[in-house]
Amino acid sequence: MLRFAVVRGGLGLLAVRRASRLSRSSHSSVQTEYKPIKKVMVANRGEIAIRVFRACTELGIRTVAVYSEQDTGQMHRQKADEAYLIGKGLPPVAAYLHIPDIIKVAKDNNVDAIHPGYGFLSERSDFAQACADAGVRFVGPTPDTVRKMGDKVEARSLAISAGVPVVPGTDSPISCLQEAQAFAQTYGFPIIFKAAYGGGGRGMRVVREYEELEENYQRAYSEALTAFGNGALFVEKFIEKPRHIEVQILGDKYGNVIHLYERDCSIQRRHQKVVEIAPGFQLDPHLRDRLHSDAVNLAKQVGYENAGTVEFLVDKHGKHYFIEVNSRLQVEHTVTEEITDVDLVHAQLHVCEGRSLPELGLKQDKVRVNGCAIQCRVTTEDPARGFQPDTGRIEVFRSGEGMGIRLDSASAFQGAIISPHYDSLLVKVIASGKDLNTAASKMSRALAEFRVRGVKTNIPFLQNVLSNNQFLHSTVDTQFIDENPELFNLKPTQNRAQKLLHYLGHVMVNGPTTPIPVKAKPSSTDPVVPHVSMGDPPVGFRDVLLRDGPEGFAKAVRAHQGLLLMDTTFRDAHQSLLATRVRTHDLKKISPFVSHSFSNLFSLENWGGATFDVAMRFLSECPWKRLQELRALIPNVPFQMLLRGANAVGYTNYPDNAVFKFCEVAKENGMDIFRVFDSLNYLPNMLLGMEAAGAAGGVVEAAISYTGDVSDPMRQKYSLDYYVNLADELVKAGTHILCIKDMAGLLKPQSSQLLIGALRDRFPDVPIHVHTHDTAGAGVAAMLACAEAGADVVDVAVDSMAGMTSQPSMGAIVACAKGTKLDTGIALEKVFDYSEYWEVTRGLYAPFDCTATMKSGNADVYENEIPGGQYTNLHFQAHSMGLGNKFKEVKKAYVEANKLLGDLIKVTPSSKIVGDLAQFMVQNSLTRQEVEDKADELSFPQSVVEFLQGHVGIPHGGFPEPFRSKVELERGKTLHIKALALGDLNKNGQREVFFELNGQLRSVLVKDTVAMKEMKFHPKAQKSIKGQVGAPMPGKVLEVKVKTGSKVEKGQPLCVLSAMKMETVVNSPMAGTIKAIHVSPESSLEGDDLILEIEE
């Protein structure tokens, strides 16, 4: 005795074949020969084609795909064993409707059966008949059944004969608009047009008013004709707010018909299903039984075989009405498979081979419901714009998976092109669970895992549906979406990584987007080098250093009569004024003059800081070679550099041995004095740099970064005692020279006297060196005050490179000190010659000159405390971004940001941290109080987070609390990006830019703005120009309803677009006259392409 049970995929192939001859005769008197299928063609595309291919592969059946010219890159042709082109030269949809081509491919390649999928030819009886005539089996009902069920009017008549209730409607397809008008007069509005030979929402239009009748009739007819090859329509009374319940049926060739329970498809948009549930939620048991019974009885009456769906509407009183029979596999068949454990495609193929349902273990009493399943159709539509289809290239695709999740897709992969020619379905997501809430929870989790970039999707909308209280706990009807506007409160996606890649790609293709705020061009005048005496240069302080060593050098400096100067022209001056862009070439030309004319300089600052960064990134120079060449030209003046403690010349902490080795190599290549500092005066970092410089044999100049005002009794965080005590530690650590590094130029004459006087009293034998910036214009006075109080060395820049955010004027200091105890011993005439060279040289760097946007210094630096170099950069950036008028706001925000961070010493890199926070506040219109209140919610710049994590060091007085504790220090969102390559120019004027993002290959398409100037493109509608009408979505123009010169009213139809088999009417936004038409029928448009122009 044979036993049958329902198992996934039915019985094993061999067992079924052995049992078939014994059992088939008991099912029916119909004699049907069993014919195994060896090769199946799917006359369809996309995910349904792949779904059938997978089932065939599982059954050992070879697969054949067909594809249109537009689908050469689609996944379904790659999933099949064989693939053939059809419909050459035909439009995209027409190719899949071309029966002769499909039949020819089937016969030429020994195809046994054709599966139609859904849509296209799946409900065309002439296609089913063509298959039969060619000797190829049609995986579906017989041609006669397809004809009866596909003809909505005949199907309605059969339903009435079977005792199934129907909605009032026409007995046959209407032939003209007048028949629709007559029906509406009899039954009243609302009415609904339906395609007589297809479904899926195509050719379906609801009409609520007489004025809408003609336009909707034309649109429904056109859509049906395009989608199904036949525009016939019939008309029904439209039932308000029904539930849409459909019953899955399955029949064989022996008269056996069973149901596989029902699906609730009530959540719809424009008559297209969005979310489907199986079984129906909170469905009355008696109503469920009637629905199942009516569906099976109707199928038996017509001798239905294979899979199909009987669709019903259920009104608010619980009455059900037959709508139609879909004589094919449905998009939502997946949820039925999940709850019944029956593979419907396997069953379709077995039935087509001639097997009976009992042979497959499919008896009604054996089919049971297990749990609940939900299907969400993820589409490339934008809910925020009325679900307009979106097209383009998928740049990123990451799916949601895991227990209880099934994905059926085809075009869902990175690099896939979503075209306007076909349905917008991207992927079907099916979630299963013990009940609706469990399945909904899994679905929500899966959708949250999706990442789709490059095209818009409806995922945010679906997430809102799944979290809706009515959906989870009550019943929904077909008006659910319309009556719940909160579903459109969409959470915006951040898309941070892809936005960053697009920006980087744009820079790689088109260059930096930051414009230079002036059109200044380099001067055409070459600088003239002043006369240089023949012979060796005079003896200088470097000779003292080489003879007596660092300690002897320091003693000589302290014993020197008069004021010594360090010249910053070779580095900090042009860093502050010319963005560090001065080439080694221009430094070398003036070097012999400096060597001969300024041998009594304390030192020449020419290296370190931004030199490395700019030399390698922008100048394509070797900073080591610069040092070597300048050393050879200036053998007698000591060279000085900046060493950022443990950061060396970088912006991060380096291993100790790297810092030591760097100092050693720098000394070997000509460096003499190492000014060691830390942006927070963090002693451990400074001690490491001092030790490294000392071990290399260099002069150690420990620099204390200055901020605040020691002469102001109200500002005591950085008091006089603070600086003196810190100097104590540095002197104990063995510094040869003590330096005050006043990066913002905050030292006033009074504070200069107090600070330098206190240090001189405390350390009478240690040379004191002072560095400042002249931003406020008081630099000369402050430096003279420092000298009077006991400073041995002050920093200056030659006159034409001095002032503003640079150092005080060399000529001014030399002139003011001349003939006094501070006399520098430098000839003023030589300073004039030196200045003239740099004045002309500066003109060569006009595009980078700070005077392009900045005409003077500003005493407000005493309030905002912005360091000189940073002041210049912030000013330039503000003008470059069109925010020059907001620079005052940036400076005020800088003050507030500094207070938020606990009043920092502001030197690179701590000054950058304050600046980043200030710009963050301005960009987001945040006050200091708002930043403090929302600190646990805001995404702060990385530099701010790293500072609060202690990466830079520990600031004096500790970190600011409670601000630091509220900032989330570990967000776990670090992006690792590596640029790989630039692609060739494509026909759309784009280049593909390839990156490695977090170890995965990513690419973006970037418009080449230069190349596009030479290419012709359809003009875009400018929203700022009244009367320009643009395409609301990508698509093809079906009809232009107006002519140039026509008068139009607001709301009047202008043209009809078709995209993804749906038609959209573009209406006039205003009354006026058609000035110009830029499209014609069959024109292919992208979103916002200009359609026409209207003038009032």
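Colleague: Is the crossing of helix 9 and helix 10 left-handed or right-handed?

Modeller: The two helices cross in a right-handed way. A crossing is called right-handed if the near helix is turned clockwise from the far one by less than a right angle, and left-handed if anticlockwise. Helices here are DSSP runs of H or I with at least four residues, strands are runs of E with at least two, and both are numbered from the N terminus.

Colleague: What kind of model is this?

Modeller: This is a predicted model, in which local features need pLDDT of at least 70 and side-chain atom pairs count only at pLDDT 80 or more, while totals for chains, interfaces and linings use all residues. Residues are numbered from 1 along each chain as its sequence is written, and side-chain values use heavy atoms, with hydrogens and water left out.

Colleague: Back to that pair: at what angle do helix 9 and helix 10 cross?

Modeller: Helix 9 (residues 177-187) and helix 10 (residues 213-228) cross at roughly 125°, and their axes come within 10 Å. Helix 9 is therefore oblique to helix 10. Angles under 35 degrees count as roughly parallel, over 145 as roughly antiparallel, 65 to 115 as roughly perpendicular, and the rest as oblique. The axes are lines fitted to C-alpha atoms, for helices over the stretch in contact, and the angles run from 0 to 180 degrees between N-to-C directions.

Colleague: Which residues of helix 9 and helix 10 meet?

Modeller: From helix 9, Leu177, Ala180 and Gln181 meet Leu213, Glu214 and Tyr217 of helix 10. Contact means heavy atoms within 4.5 Å. By class, four residues of this contact are nonpolar, one is polar and one is charged. Ala, Val, Leu, Ile, Met, Phe, Trp, Tyr, Cys and Pro count as nonpolar, Asp, Glu, Lys and Arg as charged, and the others, Gly among them, as polar.

Colleague: Next pair. How far apart are the axes of helix 26 and helix 27?

Modeller: The axes are 8 Å apart, and helix 26 (residues 749-762) packs on helix 27 (residues 779-789) at an angle of about 30°. The two helices are therefore roughly parallel, and their crossing is right-handed. Helix 26 contributes Pro749, Ser752, Gln753, Ile756, Gly757 and Arg760, which meet Ala781, Ala782, Ala785, Cys786 and Ala789 of helix 27. This contact of helix 26 with helix 27 holds seven nonpolar, three polar and one charged residues.

Colleague: And at what angle do helix 28 and helix 29 cross?

Modeller: Helix 28 (residues 810-817) and helix 29 (residues 828-843) cross at roughly 170°, with axes that come within 10 Å. Helix 28 and helix 29 are therefore roughly antiparallel. Met810, Gly811, Val814 and Ala815 of helix 28 make the contact with Leu828, Val831 and Tyr834 of helix 29. Six residues in the contact of helix 28 with helix 29 are nonpolar, one is polar and none is charged.

Colleague: Changing topic: how many disulfides are there?

Modeller: The count is zero disulfides, where a disulfide is a pair of cysteine sulfur atoms within 2.5 Å. Cys352, for instance, is in no disulfide, and the nearest cysteine sulfur, in Cys131, is 9.7 Å away.

Colleague: Is Cys352 buried or exposed?

Modeller: Cys352 counts as buried because its relative accessibility is 6%. Buried means under 20% relative accessible area, exposed over 50%, and partly exposed in between, with a 1.4 Å probe and protein chains only. Cys622, at 40%, is partly exposed.

Colleague: What joins Ala278 and Pro279?

Modeller: A cis peptide bond joins them, with omega about -10°. Pro279 sits in the loop between strand 11 (272-278) and helix 11 (285-301). Glu961 and Pro962 are also joined by a cis peptide bond, with omega about 5°, and Pro962 is in the loop between helix 35 (942-948) and helix 36 (963-966).

Colleague: What about phi of Phe120?

Modeller: Phe120 is not a glycine, yet its phi is positive, at about 50°. This residue, Phe120, is in the loop between strand 4 (113-115) and helix 6 (125-133). Phe120 counts as buried, at 6% relative accessibility. Asn681, also not a glycine, has a positive phi near 55° and lies in the loop between strand 26 (673-676) and helix 24 (683-695).
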